[in-house]
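Colleague: I am new to reading protein models. Could you take me through this one, question by question?

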Amino acid sequence: KKSEEIKNFPFLQELAEFEWAVMEVFDAYSQKPFDMLTLAGLAMEDWDKIRFDFQPYVYLSRSTWPVLDIWKTRNDSEFSVKKVKKQTQDILLFRVQMEIHTHVMTAKEYDLLEALRQGLSLGDACEQINLSEEESGSIQQWFQFWVSAGLITACHLPADVKREIDL
């Protein structure tokens with residue numbers, strides 16, 4: 001049974017979950033970011049087999065309301081609940097040192113990062129989210145952003161992959 005506040009503010013539950021996530025991201029420990037230059041010697045055909053580990057403070061939020069927009073403007077004197085329109089928003093929440101950062105993602109970027117965080121290899125993750133060839137061109141940009149933000153902590157390859165790199 002929903003209270004009157006929930007009926008008047010249908011985004012409230014998702015906003016509360018987002019606020020809780022902000023606290024968890026802030027408090028999560030940090031690991032040393034992975035140096036992607038280590039992968040420079042990796043053969044192109046082996047990239048599909050690679051798996052990644054991410055910082056404990058990486059949080060993904062897929063909301064049916066624009067919770068990030070609400071969260072950013074909630075203290076603004078011009079903020080009005082009546083102006084809030086239902087709109088899906090995919091958000092990456094992370095930390096750089098002790099500062100919270102947010103990044104609005106495309107649905108495919110969100111799906112890929114979520115699949116990778118669940119332990120799928122890059123190839124399996126791309127197949128699962130059904131990336132088109134046109135969309136697959138964005139993967140490099142996404143990885144550049146994730147790496148520059150220090151979100152990746154480790155990479156793993158199957159033992160049978162011949163490589164001249166040391167992970």
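What follows is a conversation about this structure, from its overall make-up to single residues.

Modeller: Before we start, this is a predicted model, so to speak of its limits: local features need pLDDT of at least 70, side-chain atom pairs count only at pLDDT 80 or more, and totals for chains, interfaces and linings use all residues. Residues are numbered from 1 along each chain as its sequence is written, and side-chain values use heavy atoms, with hydrogens and water left out.

Colleague: In what order do the elements of the protein run from the N terminus on?

Modeller: Helices (H or I, at least four residues) and strands (E, at least two) are DSSP runs, numbered from the N terminus. The protein has 7 helices and 5 strands. Read from the N terminus, the order is α-α-β-β-α-β-β-α-α-α-α-β.

Colleague: What percentage of the 167 residues count as buried?

Modeller: Buried means under 20% relative accessible area, exposed means over 50%, and partly exposed lies in between (1.4 Å probe, protein chains only). Of the 167 residues of the protein, the buried share is 39%.

Colleague: Which strands are the edge strands of the open sheet of 3 strands?

Modeller: Two strands pair if DSSP finds at least two bridges between them. This open sheet has the order 2-3-4, with antiparallel pairing. Each edge strand pairs on one side only, and the two are strand 2 and strand 4 (99–105).

Colleague: How many bridges join strand 2 to strand 3, and which residue is the partner of Arg 62?

Modeller: Strands of a sheet pair through backbone hydrogen bonds, either parallel or antiparallel. Strand 2 and strand 3 (residues 89–96) run antiparallel, joined by 5 bridges. In strand 3, the bridge partner of Arg 62 is Asp 90.

Colleague: Which helix packs on the sheet, and what angle does its direction make with that of strand 3?

Modeller: Contact means heavy atoms within 4.5 Å. Axes are lines fitted to C-alpha atoms, for helices over the stretch in contact, and angles run from 0 to 180 degrees between N-to-C directions. Helix 2 (residues 12–27) touches strand 2, strand 3 and strand 4, and its direction makes with that of strand 3 an angle of about 25 degrees.

Colleague: Is Ser 61 buried or exposed, and which residues is it in contact with?

Modeller: Ser 61 is found in strand 2 (residues 59–63). At 10% relative accessibility, Ser 61 counts as buried. Leaving aside neighbours within four places in sequence, the contacts of Ser 61 are Phe 18, Val 67, Gln 89, Asp 90, Ile 91 and Tyr 110.

Colleague: Where do the buried residues of helix 7 fall, seen down its axis?

Modeller: In helix 7 (residues 139–148), Ile 139, Trp 142, Phe 143 and Trp 146 are buried. The arc (taken from the directions from the helix axis to the C-beta atoms) that holds these buried residues spans 95 degrees, so they line one face of the helix. On the other side of helix 7, the exposed residues are Gln 140, Gln 141 and Ser 148.

Colleague: Why would buried residues be spaced that way?

Modeller: An α-helix has 3.6 residues a turn, so residues three or four places apart point the same way.

Colleague: How many residues apart in sequence are the parts tied together by the pair of Phe 52 and Phe 143?

Modeller: Rings of Phe, Tyr and Trp (its six-membered ring) pair if their centres lie within 6.5 Å; planes under 30 degrees apart count as stacked, over 60 as edge-to-face and the rest as tilted. The structure holds 6 aromatic pairs, and the one of Phe 52 and Phe 143 is tilted, at 5.1 Å centre to centre with 50 degrees between the planes. Phe 52 lies in strand 1 and Phe 143 in helix 7, so the parts that the pair ties together are apart in sequence by 91 residues.

Colleague: What is the phi of Gln 97, and where is its place?

Modeller: Most residues other than glycine have a negative phi, and most peptide bonds are trans. Gln 97 is not a glycine, yet its phi is positive, at about 55 degrees. The place of Gln 97 is in the loop between strand 3 and strand 4.
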